[in-house]
Each structure stands twice: as C-alpha cells, then as structure tokens.
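Have the viewer open while you read.

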Amino acid sequence: MAKKGLQYVCMAKLQEDGTHAEGFYVGPSAKLTATASTNTTKDFGDNRAVVTDTSVTTGTISIEVNEFTNKTYAGALGHQYDEEKDIVTCNSNDAAPYMGVACIGESTGEKPYKAVIYPRVQFKEPTNEYETKQEQVSYTHTTLEGDFYTLENGNYSIKVGFETEKEAKDFINEKFKIQAGNPGQETGGEAKEDVEV
C-alpha cells in the first residue's frame with residue numbers, strides 16, 4: 001500500500017473526558033509527519049534479553065501549512081484572538097492547549113481514504129520567516145511542530161479506512177464536532193506518516 005496524498009487537516013480542543021469539541025479545518029496543507037518515540041527497555045537474564053518493552057510513550061508531529069491563518073495560530077497556541085479585527089495577541093503566560101489533530105491520507109489498495117486522528121497534541125511556537133520578492137516568485141509555508149501524547153487509556157492514534165472521501169470527512173467531523181458547512185477544500189499534498197498502528 002503506497003501513500004499518495006493528504007487533505008482535510010483539522011484540529012479540535014481536547015476535553016477532560018477524552019472527547020473533542022470546537023473542531024475546525026486548518027486549511028490547505030502540504031505535509032504531515034508523525035514520528036513515535038518508544039521505550040527500549042530490556043531485562044536481561046541468562047545472558048539474553050528476557051523481557052523487552054517497545055511501547056509508545058510520546059512522539060513528534062509537524063504540519064506544513066500552506067496558509068496559516070491568525071485564527072488557527074491563536075487556537076493552536078492558546079493566544080488571544082480578536083476575530084472581528086483579525087488580531088492575535090501573544091503573551092508570555094499563554095499556554096498551548098491540548099488539541100486533537102486529524103487528516104485524511106490517501107493511498108492505493110482497499111479503502112484508500114484513511115482518517116487519521118492524534119487525540120492529544122500540544123504545539124510549539126512556529127518560526128516566522130519572510131523573504132523578499134525576487135526575480136522568480138517562491139512560495140514558503142509555515143511548519144507547525146508539536147508533541148503527541150497518549151490518553152489516559154493509552155491510545156495515541158486512531159486510523160480508519162474508508163471507501164470514499166466523504167465517509168472519511170464525516171468520521172472526522174463527528175469526532176471533532178465540526179459544524180456543517182466547513183470548507184474542507186482538497187489539498188492534494190504529500191502524506192508521510194512514520195507511525196503505524
């Protein structure tokens with residue numbers, strides 16, 4: 001099964017009961033990479049490894065966003081946002097909330113639309129980079145990086161295969177409580193996921 005596309009990257013606030021609310025579509029995204037960190041504990045006896053532990057403890061996640069809006073930035077990092085004036089105010093006391101992150105990865109084979117959810121993610125401040133216009137126009141993206149963690153029950157990722165794009169979107173909308181009428185334009189980017197569940 002080969003991965004061939006990425007679309008519909010979404011976020012939602014993680015609630016105390018492990019569900020998500022206030023979900024929204026992040027916008028066109030070029031790439032999402034998730035890499036798990038595992039235990040490498042080994043217990044030796046009789047000159048050999050008797051017990052090994054390779055369980056996932058945490059991991060890193062990065063999202064390369066084509067158009068990083070102020071609203072998305074404020075929501076992901078816990079900053080104050082004035083929607084009417086489109087102003088983000090950043091304060092040193094702001095704390096990034098735990099968010100759920102979801103996307104649809106496209107692949108070959110059966111059920112080619114994979115809805116992927118990382119239920120507990122905390123993001124870090126992205127690097128702001130601007131470049132002057134030159135003879136040839138070059139486009140730059142914003143990469144949002146963070147860490148994903150396990151829930152209390154140990155879950156850190158959910159992946160579900162669907163036959164159609166609509167089924168995958170409906171699944172994410174239900175899990176993240178995304179309201180009807182969400183834009184959800186296809187992005188056609190690259191899908192790279194280093195975590196397999």
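## The largest pocket

The lining of the largest pocket splits into five nonpolar, nine polar and six charged residues. The classes work like this: Ala, Val, Leu, Ile, Met, Phe, Trp, Tyr, Cys and Pro are nonpolar, Asp, Glu, Lys and Arg are charged, and the others, Gly among them, are polar. In total 20 residues line this pocket, and Phe 68, Thr 127, Asn 128, Glu 129 and Thr 142 lie nearest its centre. A pocket here is an open set of points on a 1 Å grid over the protein atoms alone, where a 1.4 Å probe fits and protein lies on both sides within 12 Å along at least five of seven lines; lining residues have an atom within 4 Å of a point.

The largest pocket holds about 500 Å³ of space, a volume being the space filled by probe spheres set on the points, with grid points joined across faces, edges and corners. Helix H1 (70–77) and strand S11 (142–149) each put at least two residues into the lining, and S11 gives the most, with three. Helices (H or I, at least four residues) and strands (E, at least two) are DSSP runs, numbered from the N terminus.

## The second largest pocket

The second largest pocket has a volume of about 320 Å³. It is lined by 14 residues, with Lys 13, Glu 22, Phe 24, Lys 71 and Gly 75 closest to its centre. Strand S2 (20–25) and H1 are the elements that give two or more residues to this lining. By class, the lining has five nonpolar, six polar and three charged residues.

## Ground rules and confidence

Residues are numbered from 1 along each chain as its sequence is written, and side-chain values use heavy atoms, with hydrogens and water left out. As this is a predicted model, local features need pLDDT of at least 70 and side-chain atom pairs count only at pLDDT 80 or more, while totals for chains, interfaces and linings use all residues.

The chain averages a pLDDT (the predictor's confidence in each residue, from 0 to 100) of 86, and 87% of the residues score at least 70. Where pLDDT is low, the predicted coordinates should not be read in detail.

## Overall build and helix H1

The chain has two helices and 13 strands. Of its 197 residues, 36% are buried, where buried means under 20% relative accessible area, exposed over 50% and partly exposed in between (1.4 Å probe, protein chains only). Among contacts between residues at least 6 apart in sequence, 68% join residues at least 24 apart.

In H1, the residues Thr 72, Tyr 73, Ala 74, Ala 76 and Leu 77 are buried. Their cover includes strand S1 (3–14), S2, strand S7 (80–82), strand S8 (87–89), S10 and S11. Gly 78 follows the helix, with a positive phi near 80°.

Asn 70 also belongs to H1, and is partly exposed at 30% relative accessible area. Beyond four places in sequence, Asn 70 contacts Tyr 81, Asp 86 and Val 88. Its side chain reaches the backbone oxygen of Asp 86 at 3.2 Å, and its C-alpha is 7.7 Å from that of Tyr 81, eleven residues away in sequence.

Most residues other than glycine have a negative phi. Tyr 8, in strand S1, has a positive phi of about 55° and is buried, at 2% relative accessible area. Glu 22, in S2, has a positive phi too, near 55°, but counts as exposed at 54%.

Which residue's side chain makes a polar contact with that of Gln 7? That's Glu 106, at 2.9 Å. A polar contact is a pair of N or O atoms within 3.5 Å; within protein, one must be able to donate a hydrogen and the other to accept it, and residues adjacent in sequence count only if both atoms are side-chain atoms. Glu 106 is found in strand S9 (residues 99–107) and is buried, with a relative accessible area of 18%. Beyond its neighbours within four places in sequence, Glu 106 touches Ala 2, Lys 3, Lys 4, Gly 5, Gln 7, Pro 112 and Tyr 113.

Methods:
Contact means heavy atoms within 4.5 Å.
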